[in-house]
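Trainee: Could you show me how to read a structure, one feature at a time?

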Amino acid sequence: MSPPGADLAIETFGLVKVFGETRAVDGVDLAVPAGTVYGVLGPNGAGKTTAVKMLATLLRPDGGEARVFGHDVLREADAVRSRVSLTGQYASVDEDLTGRENLILLARLLGHRKPAAKERAAQLLDAFGLTEAADKQVKHYSGGMRRRIDIAASILNTPDLLFLDEPTTGLDPRSRNQVWDIVRAVVQQGATVLLTTQYLDEADQLASRIAVIDQGKVIAEGTKGELKASVGAGSVHVRLRHAEQRPEAERLLTQYLAAQVQLEHDPVALTARVGLAGDGGGAAEQAARALHELSRSGITVDNFSLGQPSLDEVFLALTDHPATGPDRATDPTDPTDPTDPTDPTDPTDPTDSTSPLDPTAARTPVGSGGPSKGPTSKGGAAK
Ligand SMILES: Nc1ncnc2c1ncn2[C@@H]1O[C@H](COP(=O)(O)OP(=O)(O)OP(=O)(O)O)[C@@H](O)[C@H]1O
Ligand SMILES: [Mg+2]
């Protein structure tokens, strides 16, 4: 019989990290099932990176406990390091080296002999759509290419648990999709991924469970459906055939949905949030009744849908403030963002490539003294 918690990749109890006056991580309990993508969602300064660093043994917790595959991050740090890999928030490969040189160097430092290191580098460059750019210096890479080479470097040895700290911040939508495909491929090969993100749609797309953190505390945790259901049953979206019927539709929807109705920019569209008390069944009934009333009043409805609230709405409802605070990181869709070096003409595309993870890759320890993305990537050794 397996010990309790054996199917958990990560388990924390009351984890705390304090920096001066700041309780960066303030009593966090997590249980991350193995073999899944677990999303940690929170705005700038929520404590995401600090939590990840403690779990990756880069930072010493000030309180509580954390176990990775059953190993205590303090007492059994080496055992933890042998199972994990971290792609930090900021790219940590050597800018002056080419992509290929970086991967070969890291593979050599991880103990691969030269031919094996070369082969693994070539394999990952191919899988990540970087073969054409392989012999360019990394400083000439686009933002999307940098993130990909960074993730490639962190899975030179197949980790059981991969920490991805905001892997797509600052990337354009296309590059984000490429990174998402890589994450999916990594998990398909049996790894667990702990992904931090400020992007609600990213957590929604990738994660099976999500912890929402704010000011060092987990303020909600569950499957995407559970999170959404805890905030409200959903949003009703209506599109009318005739714009002139909208005022009457607004009146009827307000009456029958008992909710505030929003007029969309599109002159035939209306939206209302329903079932805020979490009564999902009630919301569906209410929505059906409202639809019936519209048709009884001669209003032609072209499209009607009842969807779950977005994760943005979830965050707003849980924290009383939007996830997009004033000091939020770069907006991946903002074309004017000067910090976004993404090259929109990037010809590489890993989506149609083979899996980036090679299950036959050697499993020598990552991070224990090596240059892996972990200990040296940001912030040095545990302090
Ligand atoms: N080494 C440090 N010394 C002092 N304060 C720190 C240190 N590292 C983090 N903090 C503080 O701890 C809090 C949490 O920071 P952390 O970097 O974990 O947030 P985050 O959720 O990763 O944010 P972001 O989305 O901006 O990356 C912040 O208030 C931050 O200023
Ligand atoms: Mg961070």
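**Reading the features**

Mentor: Keep in mind that this is a predicted model. Let's start with the ligand: 14 residues lie around ligand 1, and those that come nearest are Phe19, Ala24, Lys48, Thr49 and Thr50.

Trainee: Which element gives the largest share of the shell around ligand 1?

Mentor: Helix 1 does, with three residues. Both strand 2 (22-33) and helix 1 (48-55) supply at least two residues of that shell.

Trainee: Thanks! Now, how do I read two packed helices?

Mentor: In general, two packed helices are described by the angle between their axes and by the distance between the axes. Here, the axes of helix 3 (residues 99-109) and helix 5 (residues 143-154) come within 10 Å and cross at roughly 20°. Angles under 35 degrees count as roughly parallel, so helix 3 is roughly parallel to helix 5. Their crossing is right-handed.

Trainee: Which residues make the contact?

Mentor: Helix 3 brings Gly99, Asn102, Leu103 and Leu106, while helix 5 brings Ile149, Ala152 and Ala153. Five of these contact residues are nonpolar, two are polar and none is charged.

Trainee: One more, please: is Gln215 buried, exposed or partly exposed?

Mentor: Count the neighbours. A residue is buried with 20 or more other C-beta atoms within 10 Å of its own, and exposed with 12 or fewer. Gln215 has 16 C-beta neighbours inside 10 Å, so Gln215 counts as partly exposed. Gln215 sits in the loop between strand 9 (209-214) and strand 10 (217-223). Arg23 is 192 residues away from Gln215 along the chain, yet their C-alpha atoms are separated by 7.8 Å.

Technical notes: Residues numbered from 1 in each chain as written. Chains lettered and ligands numbered in written order. Predicted model: local features only at pLDDT ≥ 70, side-chain atom pairs only at ≥ 80, totals over all residues. Axes fitted to C-alpha atoms, helices over the stretch in contact; angles between N-to-C directions. Helix = DSSP H or I, 4+ residues; strand = E, 2+ residues; numbered from the N terminus. Parallel < 35°, antiparallel > 145°, perpendicular 65-115°, else oblique. Left-handed = near helix turned anticlockwise from the far one by under 90°. Contact = placed C-beta atoms within 7 Å. Nonpolar A, V, L, I, M, F, W, Y, C, P; charged D, E, K, R; others polar. Near = placed C-beta within 6 Å.
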